[in-house]
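Please look over the sequence and the structure before reading on.

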Amino acid sequence: MSFFSNILYSQRKRCFSSDYDEQLPLLSKMADPKAREADEAQEENDVVADVIGEYGSWQLRLTFLLALFNIPSTWHIMAYTFQSLDRPFWCARPTPIRDFVSPSMWRNISQPGNSSCQIWSSINETFRPSDSPVLSGEISTCTQFEYDETNGTTLVAEWNLVCDRAVLVNVAEMTFLSGVAIGGLVSGIISDKFGRKRTLLISLFTQIVTGTIISFNLWLELYLVLRFFLGFSSVAVVFSAFVLCMELVGGKWRTISGVSFLFPVPLGYITVAGIAYVVREWRILQLAVTLPAVSLLAAIWVLPESPRWLLSMRKEEKLMAVLKRAAASNKRPIPTDSQKILAKAPPQEKGGDSVGVLTLFRTAQIRKISLVLYIVWFALYTVYYGLVLNLASIEGDIYLNTAISGFVEIPAIALSILLLMKSGRKWPLCIVTASSGVFCLCVLAVPTGAPSWITVALAMCGKFAISCSNAILPIFTAELFPTVVRNLGVGSSNVSAGIALMLVPYLWNLAVIYDKLPFIFMGVLGIVGGLSVMLLPETAGRPMPNTLEDLERRGNDIKNKAQATATMRSSSTTRSVVTRPASYRKKRDSEF
(Lines give C-alpha, C1' and ligand atoms only; values in the text may rest on other atoms or scores of the structure.)
Protein backbone atom coordinates (compact mmCIF):
# COMPACT_ATOMS: atom_id res chain seq x y z
CA MET A 1 0.00 0.00 0.00
CA SER A 2 2.86 2.36 0.84
CA PHE A 3 4.24 1.85 -2.69
CA PHE A 4 1.03 3.11 -4.31
CA SER A 5 0.85 5.89 -1.75
CA ASN A 6 4.25 7.08 -2.85
CA ILE A 7 3.16 7.05 -6.50
CA LEU A 8 0.05 9.07 -5.71
CA TYR A 9 2.08 11.44 -3.63
CA SER A 10 4.59 11.99 -6.39
CA GLN A 11 1.77 12.68 -8.87
CA ARG A 12 0.10 15.10 -6.48
CA LYS A 13 3.43 16.82 -5.81
CA ARG A 14 4.00 17.21 -9.56
CA CYS A 15 0.60 18.84 -10.03
CA PHE A 16 1.40 21.49 -7.43
CA SER A 17 5.08 21.90 -8.25
CA SER A 18 6.67 25.29 -8.66
CA ASP A 19 7.10 24.58 -12.37
CA TYR A 20 3.35 24.38 -12.74
CA ASP A 21 2.88 27.45 -10.58
CA GLU A 22 5.11 29.33 -12.98
CA GLN A 23 2.50 28.70 -15.71
CA LEU A 24 -0.36 30.23 -13.72
CA PRO A 25 0.39 33.86 -14.58
CA LEU A 26 0.43 33.03 -18.29
CA LEU A 27 -2.80 31.01 -18.07
CA SER A 28 -4.43 33.68 -15.93
CA LYS A 29 -3.48 36.32 -18.44
CA MET A 30 -5.00 34.28 -21.23
CA ALA A 31 -8.16 33.54 -19.28
CA ASP A 32 -8.93 37.00 -17.89
CA PRO A 33 -6.51 39.74 -18.93
CA LYS A 34 -7.79 43.27 -18.43
CA ALA A 35 -6.33 44.32 -21.74
CA ARG A 36 -8.65 41.91 -23.53
CA GLU A 37 -11.94 42.66 -21.78
CA ALA A 38 -13.18 45.09 -24.38
CA ASP A 39 -12.12 42.80 -27.24
CA GLU A 40 -13.89 39.78 -25.78
CA ALA A 41 -17.06 41.78 -25.24
CA GLN A 42 -16.93 42.83 -28.85
CA GLU A 43 -16.36 39.28 -30.09
CA GLU A 44 -19.20 37.76 -28.07
CA ASN A 45 -21.70 40.56 -28.73
CA ASP A 46 -23.91 39.89 -31.75
CA VAL A 47 -25.60 43.26 -32.15
CA VAL A 48 -28.08 42.15 -34.81
CA ALA A 49 -29.14 39.00 -32.94
CA ASP A 50 -29.57 41.01 -29.74
CA VAL A 51 -32.14 43.21 -31.46
CA ILE A 52 -34.10 40.81 -33.71
CA GLY A 53 -33.26 37.42 -32.16
CA GLU A 54 -31.14 34.61 -33.54
CA TYR A 55 -34.07 33.03 -35.36
CA GLY A 56 -37.77 33.72 -35.68
CA SER A 57 -40.66 33.81 -38.10
CA TRP A 58 -38.97 36.64 -40.02
CA GLN A 59 -35.82 34.60 -40.62
CA LEU A 60 -37.81 31.44 -41.36
CA ARG A 61 -39.70 33.04 -44.24
CA LEU A 62 -36.65 34.70 -45.73
CA THR A 63 -34.24 31.77 -45.49
CA PHE A 64 -36.85 29.52 -47.11
CA LEU A 65 -37.27 32.02 -49.94
CA LEU A 66 -33.52 32.43 -50.41
CA ALA A 67 -33.04 28.66 -50.62
CA LEU A 68 -35.35 28.57 -53.64
CA PHE A 69 -32.81 30.61 -55.63
CA ASN A 70 -30.71 27.43 -55.80
CA ILE A 71 -33.16 25.64 -58.08
CA PRO A 72 -32.82 27.63 -61.36
CA SER A 73 -29.03 27.75 -60.99
CA THR A 74 -28.89 23.98 -60.44
CA TRP A 75 -31.09 23.49 -63.50
CA HIS A 76 -28.74 25.56 -65.65
CA ILE A 77 -25.70 23.57 -64.48
CA MET A 78 -27.32 20.21 -65.22
CA ALA A 79 -29.35 21.11 -68.31
CA TYR A 80 -26.30 21.11 -70.56
CA THR A 81 -25.73 17.43 -69.75
CA PHE A 82 -29.04 16.64 -71.45
CA GLN A 83 -28.78 19.30 -74.16
CA SER A 84 -25.46 17.86 -75.38
CA LEU A 85 -26.30 14.15 -75.26
CA ASP A 86 -24.80 12.06 -78.04
CA ARG A 87 -27.16 10.98 -80.79
CA PRO A 88 -26.44 8.45 -83.54
CA PHE A 89 -25.20 10.27 -86.62
CA TRP A 90 -23.87 9.50 -90.08
CA CYS A 91 -22.67 11.25 -93.20
CA ALA A 92 -25.56 13.04 -94.84
CA ARG A 93 -27.23 11.35 -97.78
CA PRO A 94 -27.15 13.28 -101.06
CA THR A 95 -30.45 15.06 -101.60
CA PRO A 96 -31.42 13.21 -104.84
CA ILE A 97 -31.36 9.81 -103.12
CA ARG A 98 -32.63 10.77 -99.66
CA ASP A 99 -36.21 9.75 -100.43
CA PHE A 100 -35.54 6.14 -101.45
CA VAL A 101 -32.42 5.20 -99.46
CA SER A 102 -33.14 4.58 -95.77
CA PRO A 103 -30.65 5.76 -93.10
CA SER A 104 -29.88 2.20 -92.03
CA MET A 105 -29.11 1.12 -95.63
CA TRP A 106 -27.07 4.23 -96.22
CA ARG A 107 -24.96 3.68 -93.08
CA ASN A 108 -24.31 0.06 -94.01
CA ILE A 109 -23.03 0.80 -97.49
CA SER A 110 -21.42 4.22 -97.12
CA GLN A 111 -19.44 4.08 -93.88
CA PRO A 112 -16.00 2.41 -93.91
CA GLY A 113 -15.82 0.27 -90.77
CA ASN A 114 -17.48 1.87 -87.75
CA SER A 115 -16.55 5.43 -88.62
CA SER A 116 -19.43 7.89 -88.82
CA CYS A 117 -17.09 10.68 -89.89
CA GLN A 118 -15.97 9.20 -93.22
CA ILE A 119 -17.57 7.86 -96.39
CA TRP A 120 -16.53 5.78 -99.38
CA SER A 121 -15.79 8.16 -102.22
CA SER A 122 -17.44 5.75 -104.66
CA ILE A 123 -20.82 6.43 -103.02
CA ASN A 124 -22.42 9.47 -104.59
CA GLU A 125 -25.76 10.97 -105.51
CA THR A 126 -26.20 8.60 -108.47
CA PHE A 127 -26.42 5.60 -106.19
CA ARG A 128 -29.58 3.47 -106.37
CA PRO A 129 -30.65 0.63 -104.06
CA SER A 130 -30.36 -1.81 -106.96
CA ASP A 131 -26.71 -0.92 -107.51
CA SER A 132 -23.85 -2.93 -106.09
CA PRO A 133 -21.43 -0.33 -104.74
CA VAL A 134 -17.74 -1.02 -104.61
CA LEU A 135 -16.91 -0.79 -100.91
CA SER A 136 -13.27 0.01 -101.39
CA GLY A 137 -11.03 2.67 -102.81
CA GLU A 138 -10.65 6.20 -101.56
CA ILE A 139 -12.22 7.48 -98.34
CA SER A 140 -13.31 11.07 -97.88
CA THR A 141 -14.21 13.03 -94.75
CA CYS A 142 -17.82 14.02 -94.31
CA THR A 143 -18.75 17.70 -94.23
CA GLN A 144 -22.48 17.29 -93.61
CA PHE A 145 -24.29 14.96 -91.23
CA GLU A 146 -27.67 13.55 -90.38
CA TYR A 147 -28.82 12.63 -86.89
CA ASP A 148 -31.24 10.24 -85.28
CA GLU A 149 -33.72 12.66 -83.75
CA THR A 150 -36.11 10.02 -82.45
CA ASN A 151 -35.32 11.08 -78.88
CA GLY A 152 -35.28 14.79 -79.59
CA THR A 153 -32.80 17.34 -80.89
CA THR A 154 -29.62 18.43 -79.20
CA LEU A 155 -27.25 21.33 -79.73
CA VAL A 156 -24.72 18.76 -80.97
CA ALA A 157 -26.96 18.21 -84.00
CA GLU A 158 -27.79 21.91 -84.23
CA TRP A 159 -24.18 22.91 -84.91
CA ASN A 160 -22.65 19.57 -86.04
CA LEU A 161 -20.47 19.18 -82.94
CA VAL A 162 -19.16 15.80 -84.01
CA CYS A 163 -15.94 14.35 -85.40
CA ASP A 164 -13.30 17.08 -85.57
CA ARG A 165 -15.77 19.58 -84.05
CA ALA A 166 -16.61 17.36 -81.07
CA VAL A 167 -14.08 19.25 -78.95
CA LEU A 168 -16.43 22.23 -79.04
CA VAL A 169 -18.85 20.34 -76.78
CA ASN A 170 -16.36 20.60 -73.94
CA VAL A 171 -15.49 24.17 -74.96
CA ALA A 172 -19.14 25.17 -74.56
CA GLU A 173 -19.15 23.65 -71.08
CA MET A 174 -15.87 25.36 -70.24
CA THR A 175 -17.22 28.79 -71.18
CA PHE A 176 -20.05 28.30 -68.68
CA LEU A 177 -17.65 27.14 -65.98
CA SER A 178 -15.26 30.00 -66.74
CA GLY A 179 -18.15 32.33 -66.06
CA VAL A 180 -18.69 30.50 -62.77
CA ALA A 181 -15.05 31.00 -61.77
CA ILE A 182 -14.90 34.69 -62.66
CA GLY A 183 -18.44 35.41 -61.53
CA GLY A 184 -17.77 34.07 -58.06
CA LEU A 185 -14.96 36.57 -57.58
CA VAL A 186 -16.44 39.62 -59.32
CA SER A 187 -19.91 39.22 -57.83
CA GLY A 188 -18.30 38.93 -54.40
CA ILE A 189 -16.57 42.28 -54.85
CA ILE A 190 -19.79 43.88 -56.11
CA SER A 191 -21.81 42.37 -53.27
CA ASP A 192 -19.43 43.56 -50.57
CA LYS A 193 -19.43 47.00 -52.15
CA PHE A 194 -23.09 47.52 -53.05
CA GLY A 195 -24.96 44.99 -50.92
CA ARG A 196 -26.26 41.43 -51.06
CA LYS A 197 -29.84 42.12 -52.16
CA ARG A 198 -28.96 44.34 -55.10
CA THR A 199 -26.34 41.90 -56.38
CA LEU A 200 -28.74 38.96 -55.99
CA LEU A 201 -31.63 40.49 -57.91
CA ILE A 202 -29.50 41.97 -60.71
CA SER A 203 -27.78 38.59 -61.14
CA LEU A 204 -31.13 36.81 -61.25
CA PHE A 205 -32.43 39.20 -63.91
CA THR A 206 -29.24 38.67 -65.96
CA GLN A 207 -29.64 34.90 -65.63
CA ILE A 208 -33.22 35.02 -66.94
CA VAL A 209 -32.41 37.30 -69.88
CA THR A 210 -29.32 35.34 -70.88
CA GLY A 211 -31.08 31.96 -70.65
CA THR A 212 -33.96 33.22 -72.76
CA ILE A 213 -31.69 34.63 -75.47
CA ILE A 214 -29.85 31.28 -75.64
CA SER A 215 -33.14 29.58 -76.46
CA PHE A 216 -33.53 31.63 -79.66
CA ASN A 217 -29.89 32.04 -80.60
CA LEU A 218 -28.83 30.70 -84.03
CA TRP A 219 -25.04 31.11 -83.88
CA LEU A 220 -22.55 28.92 -82.05
CA GLU A 221 -20.14 31.79 -81.41
CA LEU A 222 -22.83 33.85 -79.70
CA TYR A 223 -23.93 30.76 -77.79
CA LEU A 224 -20.44 30.40 -76.28
CA VAL A 225 -20.47 34.05 -75.18
CA LEU A 226 -23.94 33.73 -73.67
CA ARG A 227 -22.96 30.56 -71.81
CA PHE A 228 -20.17 32.52 -70.12
CA PHE A 229 -22.59 35.15 -68.84
CA LEU A 230 -25.07 32.47 -67.82
CA GLY A 231 -22.42 30.84 -65.65
CA PHE A 232 -21.39 34.23 -64.30
CA SER A 233 -24.91 35.17 -63.26
CA SER A 234 -25.81 31.70 -61.94
CA VAL A 235 -22.97 31.58 -59.42
CA ALA A 236 -23.64 35.19 -58.42
CA VAL A 237 -27.24 34.26 -57.62
CA VAL A 238 -26.24 31.28 -55.46
CA PHE A 239 -23.46 32.93 -53.48
CA SER A 240 -25.28 36.21 -52.90
CA ALA A 241 -28.34 34.33 -51.67
CA PHE A 242 -26.23 32.10 -49.44
CA VAL A 243 -24.32 34.94 -47.78
CA LEU A 244 -27.56 36.88 -47.24
CA CYS A 245 -29.11 33.77 -45.69
CA MET A 246 -26.16 33.38 -43.31
CA GLU A 247 -26.24 37.03 -42.26
CA LEU A 248 -29.94 37.04 -41.35
CA VAL A 249 -29.59 34.50 -38.54
CA GLY A 250 -27.35 34.04 -35.52
CA GLY A 251 -26.03 31.48 -33.08
CA LYS A 252 -26.61 27.81 -33.82
CA TRP A 253 -29.11 28.77 -36.51
CA ARG A 254 -26.24 29.77 -38.79
CA THR A 255 -25.45 26.07 -39.06
CA ILE A 256 -29.03 24.88 -39.50
CA SER A 257 -30.04 27.59 -41.97
CA GLY A 258 -26.78 27.43 -43.89
CA VAL A 259 -27.03 23.70 -44.51
CA SER A 260 -30.80 23.75 -45.06
CA PHE A 261 -30.13 26.35 -47.75
CA LEU A 262 -28.75 23.47 -49.85
CA PHE A 263 -31.80 21.17 -49.68
CA PRO A 264 -33.21 22.56 -52.99
CA VAL A 265 -29.99 21.50 -54.79
CA PRO A 266 -30.82 17.75 -54.88
CA LEU A 267 -34.41 18.73 -55.59
CA GLY A 268 -33.03 20.58 -58.61
CA TYR A 269 -31.21 17.44 -59.79
CA ILE A 270 -34.35 15.33 -59.47
CA THR A 271 -36.67 17.83 -61.16
CA VAL A 272 -34.32 18.68 -64.03
CA ALA A 273 -34.03 14.96 -64.80
CA GLY A 274 -37.83 14.79 -65.01
CA ILE A 275 -38.07 17.95 -67.11
CA ALA A 276 -35.37 16.77 -69.50
CA TYR A 277 -37.03 13.35 -69.80
CA VAL A 278 -40.28 15.00 -70.91
CA VAL A 279 -38.80 17.86 -72.94
CA ARG A 280 -36.35 16.41 -75.46
CA GLU A 281 -35.92 19.54 -77.62
CA TRP A 282 -32.91 21.44 -76.33
CA ARG A 283 -34.27 24.92 -77.03
CA ILE A 284 -37.55 24.24 -75.27
CA LEU A 285 -35.64 22.66 -72.40
CA GLN A 286 -33.59 25.84 -72.11
CA LEU A 287 -36.78 27.87 -71.77
CA ALA A 288 -38.22 25.35 -69.33
CA VAL A 289 -35.31 25.79 -66.91
CA THR A 290 -35.12 29.58 -67.38
CA LEU A 291 -38.62 31.04 -67.21
CA PRO A 292 -39.70 29.69 -63.78
CA ALA A 293 -37.08 31.98 -62.23
CA VAL A 294 -39.21 34.98 -63.26
CA SER A 295 -41.40 34.32 -60.23
CA LEU A 296 -38.39 34.89 -57.95
CA LEU A 297 -38.08 38.49 -59.17
CA ALA A 298 -41.03 39.27 -56.90
CA ALA A 299 -38.58 38.88 -54.02
CA ILE A 300 -37.54 42.50 -54.62
CA TRP A 301 -40.54 43.51 -52.49
CA VAL A 302 -39.89 40.93 -49.78
CA LEU A 303 -36.16 40.50 -49.29
CA PRO A 304 -34.34 43.02 -47.07
CA GLU A 305 -30.72 44.01 -47.31
CA SER A 306 -28.40 42.16 -44.95
CA PRO A 307 -28.55 43.95 -41.58
CA ARG A 308 -24.98 42.87 -40.84
CA TRP A 309 -23.77 44.42 -44.10
CA LEU A 310 -25.73 47.62 -43.37
CA LEU A 311 -24.19 47.71 -39.90
CA SER A 312 -20.65 47.24 -41.19
CA MET A 313 -21.22 49.99 -43.77
CA ARG A 314 -22.80 52.34 -41.16
CA LYS A 315 -25.99 52.81 -43.21
CA GLU A 316 -28.00 53.90 -40.19
CA GLU A 317 -31.39 54.72 -41.72
CA LYS A 318 -31.70 51.53 -43.79
CA LEU A 319 -30.38 49.42 -40.92
CA MET A 320 -33.00 50.70 -38.49
CA ALA A 321 -35.78 50.10 -41.02
CA VAL A 322 -34.74 46.45 -41.42
CA LEU A 323 -34.28 45.91 -37.68
CA LYS A 324 -37.67 47.41 -36.83
CA ARG A 325 -39.45 45.27 -39.40
CA ALA A 326 -37.65 42.12 -38.22
CA ALA A 327 -38.22 42.86 -34.51
CA ALA A 328 -41.93 43.44 -35.11
CA SER A 329 -42.25 40.18 -37.05
CA ASN A 330 -40.39 38.25 -34.33
CA LYS A 331 -42.45 40.00 -31.57
CA ARG A 332 -39.43 41.59 -29.95
CA PRO A 333 -39.04 45.15 -28.60
CA ILE A 334 -38.84 47.67 -31.41
CA PRO A 335 -35.37 49.33 -31.45
CA THR A 336 -35.41 53.13 -31.25
CA ASP A 337 -31.89 54.24 -30.36
CA SER A 338 -29.80 53.83 -33.48
CA GLN A 339 -26.73 55.42 -31.91
CA LYS A 340 -26.75 52.84 -29.15
CA ILE A 341 -26.80 50.03 -31.73
CA LEU A 342 -24.04 51.61 -33.80
CA ALA A 343 -21.97 52.12 -30.65
CA LYS A 344 -21.94 48.36 -30.11
CA ALA A 345 -20.87 47.70 -33.67
CA PRO A 346 -17.26 46.83 -34.46
CA PRO A 347 -15.08 49.63 -35.83
CA GLN A 348 -14.89 50.04 -39.57
CA GLU A 349 -11.98 48.49 -41.38
CA LYS A 350 -9.06 50.84 -41.90
CA GLY A 351 -9.22 52.35 -45.33
CA GLY A 352 -13.01 52.71 -45.32
CA ASP A 353 -14.52 51.22 -48.42
CA SER A 354 -11.19 50.03 -49.89
CA VAL A 355 -11.94 46.32 -50.07
CA GLY A 356 -10.37 44.27 -52.85
CA VAL A 357 -8.78 40.96 -53.66
CA LEU A 358 -5.52 41.94 -51.94
CA THR A 359 -7.46 42.30 -48.68
CA LEU A 360 -7.62 38.50 -48.58
CA PHE A 361 -3.81 38.40 -48.28
CA ARG A 362 -3.25 41.43 -46.05
CA THR A 363 -2.61 39.64 -42.74
CA ALA A 364 -1.17 36.26 -41.80
CA GLN A 365 -4.45 34.73 -40.64
CA ILE A 366 -6.59 35.80 -43.60
CA ARG A 367 -3.79 34.74 -45.94
CA LYS A 368 -3.56 31.23 -44.47
CA ILE A 369 -7.33 30.81 -44.47
CA SER A 370 -7.63 31.95 -48.09
CA LEU A 371 -4.89 29.68 -49.44
CA VAL A 372 -6.04 26.57 -47.56
CA LEU A 373 -9.64 27.12 -48.61
CA TYR A 374 -8.55 27.35 -52.24
CA ILE A 375 -7.07 23.85 -51.95
CA VAL A 376 -10.14 22.44 -50.20
CA TRP A 377 -12.62 24.00 -52.63
CA PHE A 378 -10.61 22.72 -55.60
CA ALA A 379 -10.66 19.19 -54.18
CA LEU A 380 -14.36 19.38 -53.30
CA TYR A 381 -15.51 20.55 -56.72
CA THR A 382 -13.27 18.12 -58.59
CA VAL A 383 -14.71 15.14 -56.72
CA TYR A 384 -18.30 16.40 -56.45
CA TYR A 385 -18.80 17.52 -60.02
CA GLY A 386 -16.46 14.82 -61.31
CA LEU A 387 -19.19 12.42 -60.21
CA VAL A 388 -22.26 14.62 -60.87
CA LEU A 389 -21.44 15.93 -64.36
CA ASN A 390 -20.14 12.62 -65.63
CA LEU A 391 -23.14 10.46 -64.80
CA ALA A 392 -23.36 9.66 -68.51
CA SER A 393 -20.03 7.84 -68.12
CA ILE A 394 -21.63 5.47 -65.61
CA GLU A 395 -23.59 2.59 -67.07
CA GLY A 396 -27.34 3.00 -66.99
CA ASP A 397 -29.95 5.57 -67.93
CA ILE A 398 -28.73 9.16 -67.63
CA TYR A 399 -32.11 10.41 -66.43
CA LEU A 400 -32.36 7.74 -63.74
CA ASN A 401 -28.73 8.20 -62.64
CA THR A 402 -29.27 11.95 -62.25
CA ALA A 403 -32.39 11.42 -60.16
CA ILE A 404 -30.63 8.83 -57.96
CA SER A 405 -27.72 11.20 -57.36
CA GLY A 406 -30.24 13.77 -56.15
CA PHE A 407 -31.92 11.32 -53.78
CA VAL A 408 -28.50 10.31 -52.41
CA GLU A 409 -27.71 13.92 -51.58
CA ILE A 410 -30.83 14.57 -49.47
CA PRO A 411 -29.81 12.34 -46.51
CA ALA A 412 -26.22 13.58 -46.88
CA ILE A 413 -27.35 17.16 -46.29
CA ALA A 414 -29.51 16.07 -43.32
CA LEU A 415 -26.56 14.18 -41.84
CA SER A 416 -24.39 17.27 -42.25
CA ILE A 417 -26.66 19.21 -39.91
CA LEU A 418 -26.21 16.60 -37.18
CA LEU A 419 -22.45 16.49 -37.71
CA LEU A 420 -22.14 20.26 -37.53
CA MET A 421 -24.31 20.53 -34.43
CA LYS A 422 -22.54 17.76 -32.54
CA SER A 423 -18.96 17.78 -33.82
CA GLY A 424 -18.17 21.29 -35.04
CA ARG A 425 -16.91 22.08 -38.53
CA LYS A 426 -13.30 21.08 -38.91
CA TRP A 427 -13.31 17.39 -37.99
CA PRO A 428 -16.54 16.45 -39.84
CA LEU A 429 -15.33 18.25 -42.99
CA CYS A 430 -11.94 16.54 -42.78
CA ILE A 431 -13.48 13.08 -42.34
CA VAL A 432 -16.17 13.22 -45.02
CA THR A 433 -13.89 14.84 -47.63
CA ALA A 434 -11.16 12.28 -47.07
CA SER A 435 -13.79 9.49 -47.07
CA SER A 436 -14.97 10.53 -50.52
CA GLY A 437 -11.41 10.07 -51.75
CA VAL A 438 -11.17 6.66 -50.08
CA PHE A 439 -14.38 5.47 -51.78
CA CYS A 440 -13.04 6.62 -55.16
CA LEU A 441 -9.81 4.71 -54.57
CA CYS A 442 -11.80 1.62 -53.57
CA VAL A 443 -12.89 1.39 -57.22
CA LEU A 444 -9.35 0.17 -57.93
CA ALA A 445 -10.15 -3.02 -56.03
CA VAL A 446 -13.05 -3.85 -58.36
CA PRO A 447 -11.76 -6.53 -60.75
CA THR A 448 -12.20 -6.24 -64.48
CA GLY A 449 -15.41 -7.88 -65.59
CA ALA A 450 -17.14 -7.44 -62.23
CA PRO A 451 -20.80 -6.35 -62.26
CA SER A 452 -21.11 -2.64 -63.02
CA TRP A 453 -23.32 -2.03 -59.99
CA ILE A 454 -20.29 -2.44 -57.71
CA THR A 455 -18.54 0.55 -59.31
CA VAL A 456 -21.82 2.49 -59.31
CA ALA A 457 -22.35 1.73 -55.61
CA LEU A 458 -18.85 2.91 -54.68
CA ALA A 459 -19.30 6.04 -56.79
CA MET A 460 -22.58 6.79 -55.02
CA CYS A 461 -20.93 6.25 -51.62
CA GLY A 462 -18.30 8.76 -52.68
CA LYS A 463 -21.09 11.06 -53.86
CA PHE A 464 -22.79 10.74 -50.46
CA ALA A 465 -19.58 11.65 -48.59
CA ILE A 466 -18.64 14.55 -50.85
CA SER A 467 -22.23 15.82 -50.67
CA CYS A 468 -21.74 16.13 -46.91
CA SER A 469 -18.60 18.17 -47.64
CA ASN A 470 -20.54 20.28 -50.12
CA ALA A 471 -22.99 21.13 -47.33
CA ILE A 472 -20.39 21.80 -44.63
CA LEU A 473 -17.74 23.73 -46.54
CA PRO A 474 -19.87 26.79 -47.49
CA ILE A 475 -20.85 27.19 -43.83
CA PHE A 476 -17.25 26.86 -42.70
CA THR A 477 -16.03 29.27 -45.38
CA ALA A 478 -18.57 31.96 -44.55
CA GLU A 479 -17.75 31.72 -40.85
CA LEU A 480 -14.01 31.96 -41.43
CA PHE A 481 -14.07 35.22 -43.40
CA PRO A 482 -14.85 38.56 -41.68
CA THR A 483 -18.04 40.40 -42.59
CA VAL A 484 -16.28 43.15 -44.55
CA VAL A 485 -14.84 40.61 -47.02
CA ARG A 486 -17.16 37.65 -46.52
CA ASN A 487 -18.79 37.64 -49.93
CA LEU A 488 -15.44 38.43 -51.55
CA GLY A 489 -13.83 35.56 -49.64
CA VAL A 490 -16.53 33.09 -50.57
CA GLY A 491 -16.37 34.29 -54.16
CA SER A 492 -12.58 34.04 -54.38
CA SER A 493 -12.75 30.51 -53.04
CA ASN A 494 -15.11 29.82 -55.90
CA VAL A 495 -12.35 30.76 -58.36
CA SER A 496 -10.36 27.65 -57.46
CA ALA A 497 -13.63 25.73 -57.53
CA GLY A 498 -14.28 27.12 -60.99
CA ILE A 499 -10.86 26.02 -62.19
CA ALA A 500 -11.72 22.54 -60.96
CA LEU A 501 -15.01 22.73 -62.83
CA MET A 502 -13.21 23.65 -66.05
CA LEU A 503 -11.10 20.52 -65.70
CA VAL A 504 -14.05 18.26 -64.93
CA PRO A 505 -15.26 17.94 -68.58
CA TYR A 506 -11.86 16.51 -69.47
CA LEU A 507 -11.48 14.38 -66.34
CA TRP A 508 -12.92 11.24 -67.88
CA ASN A 509 -10.64 11.58 -70.90
CA LEU A 510 -8.00 10.12 -68.57
CA ALA A 511 -9.83 6.81 -68.92
CA VAL A 512 -8.17 6.49 -72.33
CA ILE A 513 -4.88 5.96 -70.50
CA TYR A 514 -6.33 3.75 -67.77
CA ASP A 515 -10.03 3.20 -67.21
CA LYS A 516 -9.81 3.85 -63.45
CA LEU A 517 -7.44 6.82 -63.62
CA PRO A 518 -10.27 9.38 -63.11
CA PHE A 519 -11.14 7.68 -59.81
CA ILE A 520 -7.46 7.71 -58.77
CA PHE A 521 -7.26 11.43 -59.49
CA MET A 522 -10.44 12.17 -57.52
CA GLY A 523 -9.39 9.85 -54.70
CA VAL A 524 -6.02 11.51 -54.15
CA LEU A 525 -7.55 14.98 -54.30
CA GLY A 526 -10.27 14.01 -51.83
CA ILE A 527 -7.73 12.79 -49.27
CA VAL A 528 -5.44 15.82 -49.74
CA GLY A 529 -8.39 18.19 -49.41
CA GLY A 530 -9.60 16.46 -46.26
CA LEU A 531 -6.21 16.64 -44.56
CA SER A 532 -5.79 20.30 -45.53
CA VAL A 533 -8.86 21.17 -43.47
CA MET A 534 -6.86 20.48 -40.30
CA LEU A 535 -4.85 23.65 -40.96
CA LEU A 536 -7.96 25.82 -40.43
CA PRO A 537 -9.29 27.08 -37.07
CA GLU A 538 -12.55 25.77 -35.62
CA THR A 539 -15.45 28.24 -35.82
CA ALA A 540 -18.24 26.35 -34.05
CA GLY A 541 -19.78 28.24 -31.13
CA ARG A 542 -18.07 31.54 -31.91
CA PRO A 543 -19.51 34.71 -33.47
CA MET A 544 -18.44 35.42 -37.01
CA PRO A 545 -15.58 37.95 -37.15
CA ASN A 546 -16.49 41.39 -38.46
CA THR A 547 -13.06 42.83 -39.28
CA LEU A 548 -9.56 41.63 -40.11
CA GLU A 549 -8.50 42.75 -36.64
CA ASP A 550 -11.05 40.36 -35.11
CA LEU A 551 -9.69 37.51 -37.18
CA GLU A 552 -6.05 38.28 -36.41
CA ARG A 553 -6.80 38.56 -32.69
CA ARG A 554 -8.44 35.14 -32.62
CA GLY A 555 -5.52 33.61 -34.48
CA ASN A 556 -3.11 35.02 -31.91
CA ASP A 557 -5.27 33.62 -29.11
CA ILE A 558 -5.04 30.14 -30.61
CA LYS A 559 -1.26 30.42 -30.91
CA ASN A 560 -0.93 31.62 -27.31
CA LYS A 561 -3.05 28.78 -25.98
CA ALA A 562 -1.08 26.24 -28.02
CA GLN A 563 2.21 27.62 -26.68
CA ALA A 564 0.93 27.52 -23.11
CA THR A 565 -0.26 23.94 -23.53
CA ALA A 566 3.10 22.90 -24.99
CA THR A 567 4.94 24.57 -22.12
CA MET A 568 2.76 22.79 -19.56
CA ARG A 569 3.36 19.43 -21.19
CA SER A 570 7.10 20.06 -21.31
CA SER A 571 7.07 20.97 -17.63
CA SER A 572 5.07 17.86 -16.75
CA THR A 573 7.53 15.66 -18.65
CA THR A 574 10.49 17.25 -16.88
CA ARG A 575 8.98 16.74 -13.44
CA SER A 576 8.18 13.09 -14.18
CA VAL A 577 11.86 12.20 -14.40
CA VAL A 578 13.07 14.10 -11.32
CA THR A 579 15.62 12.05 -9.30
CA ARG A 580 14.64 11.44 -5.68
CA PRO A 581 17.21 12.32 -2.96
CA ALA A 582 19.26 9.54 -1.35
CA SER A 583 17.48 9.93 2.00
CA TYR A 584 14.13 9.28 0.33
CA ARG A 585 15.44 6.16 -1.42
CA LYS A 586 16.80 4.77 1.88
CA LYS A 587 13.46 5.34 3.62
CA ARG A 588 11.61 3.67 0.74
CA ASP A 589 13.96 0.66 0.76
CA SER A 590 13.58 0.23 4.53
CA GLU A 591 9.78 0.05 4.15
CA PHE A 592 10.14 -2.88 1.79
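The notes below cover the disulfide, other cysteines and a surface patch.

This is a predicted model. A search of the whole structure turns up 1 disulfide. It joins Cys-91 to Cys-142. A nonpolar surface patch includes Leu-218 and Trp-219.

**The disulfide**
- The sulfur atoms of Cys-91 and Cys-142 are 1.4 Å apart in the model.
- The link between Cys-91 and Cys-142 is right-handed, with 70 degrees about the S-S bond.
- Cys-91 sits in strand 1 (residues 89-91), and Cys-142 in the loop between strand 3 (139-141) and strand 4 (145-147), so the bond ties together parts 51 residues apart in sequence.
- Cys-91 is buried because its relative accessibility is 2%, under the 20% cut-off.
- Cys-142 is buried too, at 9% relative accessibility.

**Other cysteines**
- Cys-245 has 1% relative accessibility, so Cys-245 counts as buried.
- Cys-442 takes part in no disulfide. Its nearest cysteine sulfur belongs to Cys-461, 9.0 Å away.
- Cys-442 is partly exposed, with a relative accessible area of 32%.

**The nonpolar patch**
- Leu-218, Trp-219, Leu-222, Val-225 and Phe-229 make up this surface patch. Together they have about 500 Å² of accessible area.
- Leu-218 is in the loop between helix 11 (196-216) and helix 12 (220-248).
- Leu-218 counts as exposed because its relative accessibility is 54%, over the 50% cut-off.

Note on methods. Residues numbered from 1 in each chain as written. Predicted model: local features only at pLDDT ≥ 70, side-chain atom pairs only at ≥ 80, totals over all residues. Heavy atoms only, no water. Disulfide = S-S within 2.5 Å. Helix = DSSP H or I, 4+ residues; strand = E, 2+ residues; numbered from the N terminus. Buried < 20%, exposed > 50% of the residue type's maximum accessible area, 1.4 Å probe, protein only. Patch = residues over 30% accessible without salt bridge, like charges linked within 9 Å, V, L, I, M, F, W, Y side chains within 5 Å. Areas by Shrake-Rupley, 256 points an atom, 1.4 Å probe, with all protein chains shown as cover. Salt bridge = Lys/Arg side-chain N within 4 Å of Asp/Glu carboxyl O.
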